[in-house]
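Thanks for coming, everyone. Let me put the structure up, and then we can walk through it together.

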Amino acid sequence: MSATRVYVRAAGAVTAAGTGVPALLRAAADPGWRPVLGLERPDAPPLPVAVCREFTTKDVVPPLLARRLDRPSRLLAVAAREALRAAGEPLPWAPERVGVTAGTWNAGTSALVEVLRAVFLTSPDEAPPAQFPSTVANAPASQLGILDKLGGPNITFAEKQVGGLRAVAEAARMLLS
Amino acid sequence: MNEVWITGIGLVTALGPDRETTWRRLVAGESGIGPVTLFDTAGFRTRIAAQVDDARLVLPALDRRALRHASRASRFALAAAAEALADAGLASGPGAPHPWALVLGGGTAGLFEAETFVARRLAGGSRVRGLTELVDVPQDAPSDRLGLAFGLTGPRITVTTACSSSTIAVGLAAEMVGDGETPVALAGGADAICRLTYAGFNSLHAVDREPAKPYDSRRRGLSLGEGAAVLVVEDAGHARGRGARPYARVLGYGATNDAFHMTQPEPSGAAWERTLRAALAEAGVEAADVDYVNGHGTATEQNDAAECAAYVRVFGGRLGSVPVSSVKGALGHCLCAAGGIEAAVTALAIARAVLPPTAGFAEADPACPIDPVAGAGRPGRVRVAVSSSFAFGGNSAALVLGGAA
């Protein structure tokens, strides 16, 4: 049965302001807050971009599971688990009916570079099989589905800066249609 | 919910640069899988793929900005969209903006071209710069080029769910048209072979050294492919009003997540059963109504087995009389374009009452008790068909198409 109204019931966030919605709200309310800039690169000076420097999966994703996730997947998992916890424990819906929509610009890029590094510098046959699944941009959303057994539609949108907003809009549309 | 038709189809595949060449060769049982010439395959486990012949690509006169530094994937998408729009009888161009929606499955986009830069950068260090090779890297680059080339000013959505991307794209487009958000949507996907996917599937030992043999007991893995499909998805009333003829009607679509594993299918078929049942429920039809299944059929040991297990769960003892075929034996696995291509082929099967065969199929797998369409195309009326896609990350989707009499 389709919904007639859609509400945002809970939220989670991982940002340069820290982990959690409260950290984001504190930063947003503080006119003096500035993000820490500096994305480390192995072969060049740091890039002047805001990074989630203090980010950790500790106490949110078990270490053995977190090891299997690339960084974008860990970021999404921590934000999603905050939102899911806020929605209710236990979850008020059957997990197989919960969908995931996500937006991304460059999820998968780090893994992609690792695979190509092996192809170009070692041998095509040395491409790391463990990295390949993380090269798909839907890896974070899919890993979240696997992690929390969320069996509804799982859709990732790649639309540069508007990907995240598209994901929210399409989630609402799915509930309404 | 408005009735939704498919009124135009454009195809670019290894079998041909257009819809009719692809269809003619597909139903003749031909295969487009052959030696890869795009890059040196030394060191890979396999040397073959279903590669598009760039020299035969038909690109109409388009805005030069849409073609400048366009990747192979974007050029495939532009050619398919131009063919689809012409087929539907819809005039478009940069001078005539249309508020139509565009929903594409985004694949590797310009990665093949960008790999040249990556190789130079790895060899030369951080002082090596790239620009033109990187222009089409974003997965929505083909969508942006289509929007520019054809004056599309409506919603522009790029779905990236690996091998189900363009199935979901067609499904979303049909929902948007059905809900009255837009009278016309262009939907489909484009993907191009590159070293990343070639090496990745090699590393997973998921490729066959010989051309893929979907649903066959001798199958040893997939063959990679590339291409594009664009479908004109249109409100039936809008189409009738301008005298357009439909290939097929979009009855519904369903999407689920296996919530099981990034690369392995859930083996019992229960996860994909949920996908198929969601699609059938959305379409308002029963499993007993389905006359034809255009399957995912990658030809990997595990995928085909799980897919057949799902069909057994859905169709029961009737499965042996349900014709099932996979185009991947002829067109390879076109990844993010696969679902769009298969939706297009399914629509053509409905419109022309011919079921496309599974190239490479010869020996039935007892664990897969389908009615295989082998050899050449088989005449057969299709009232309701399912086109299914099962992807990396467990992102599964199925479209239900029907006749639009």
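In what order do the elements of chain A run from the N terminus on? The answer is β-β-α-β-β-α-α-β-α-α-β-α. That gives six helices and six strands in chain A. Before we go on, please keep in mind that this is a predicted model.

Stay with chain A for a moment. It has 177 residues, and 37% of them count as buried. Its C-alpha trace spans about 55 × 45 × 30 Å along the principal axes. Now take the contacts in chain A between residues at least 6 apart in sequence. Of those, 59% join residues at least 24 apart.

Next, where the two chains touch. Chain A puts 41 residues into the contact, and chain B puts in 42. Which elements of chain B each supply at least two residues to that side? There are helices H4 (111-124), H6 (165-178) and H7 (195-203), plus strands S5 (156-159) and S8 (248-257). H7(B) gives the most, with six residues. By class, the side of chain B that touches chain A has 17 nonpolar, 18 polar and seven charged residues.

Let's zoom in on H7(B). Its partner across the contact is helix H4 of chain A, residues 109-121. The two axes come within 10 Å and cross at roughly 80°. So H4(A) is roughly perpendicular to H7(B). From H4(A), the contact is made by Leu112(A), Val115(A), Leu116(A) and Val119(A). From H7(B), we have Arg195(B), Leu196(B), Ala199(B) and Gly200(B). The residues of this contact divide into six nonpolar, one polar and one charged.

Now strand S5(B), which also supplies residues to the side facing chain A. Which residues point which way from S5(B)? Arg156(B) and Thr158(B) go one way. Ile157(B) and Val159(B) go the other way, and all of them are buried. S5(B) pairs with strand S4 of chain B, residues 101-106. The pairing is in the parallel sense, over four bridges. In one of these, Ile157(B) is the bridge partner of Val103(B).

Moving along chain B, here is another helix pair. H9(B) covers residues 270-283, and H10(B) covers residues 301-315. Their axes come within 8 Å and cross at roughly 55°. That angle makes H9(B) oblique to H10(B). The crossing is right-handed. Which residues meet there? H9(B) brings Ala270(B), Trp272(B), Glu273(B), Leu276(B) and Arg277(B). H10(B) brings Ala306(B), Glu307(B), Ala310(B), Arg313(B) and Val314(B). By class, that contact has six nonpolar residues, no polar ones and four charged ones.

One last stop: Glu342(B). This residue is found in helix H12 of chain B, residues 338-352. Is Glu342(B) buried or exposed? It counts as buried, because it has 29 C-beta neighbours inside 10 Å; the cut-off for buried is 20 or more. Leave out residues up to four places away in sequence, and Glu342(B) touches Asn294(B), Val327(B) and Ser387(B). Ser388(B) is 46 residues from Glu342(B) along the chain, yet their C-alpha atoms are separated by 8.4 Å.

To recap the helix pairs. Between the chains, H4(A) and H7(B) cross at roughly 80°. Inside chain B, H9(B) and H10(B) cross at roughly 55°. That's the tour.

Terms used: Residues are numbered from 1 along each chain as its sequence is written. Chains are lettered from A and ligands numbered from 1 in the order in which they are written. This is a predicted model: local features need pLDDT of at least 70, side-chain atom pairs count only at pLDDT 80 or more; totals for chains, interfaces and linings use all residues. Axes are lines fitted to C-alpha atoms, for helices over the stretch in contact, and angles run from 0 to 180 degrees between N-to-C directions. Angles under 35 degrees count as roughly parallel, over 145 as roughly antiparallel, 65 to 115 as roughly perpendicular and the rest as oblique. A crossing is left-handed if the near helix is turned anticlockwise from the far one by less than a right angle, and right-handed if clockwise. Two residues are in contact if their C-beta atoms, placed from the backbone, lie within 7 Å. Ala, Val, Leu, Ile, Met, Phe, Trp, Tyr, Cys and Pro count as nonpolar, Asp, Glu, Lys and Arg as charged, and the others, Gly among them, as polar. A residue is buried if 20 or more other C-beta atoms lie within 10 Å of its own, exposed if 12 or fewer, and partly exposed in between; C-beta atoms are placed from the backbone. Two strands pair if DSSP finds at least two bridges between them.
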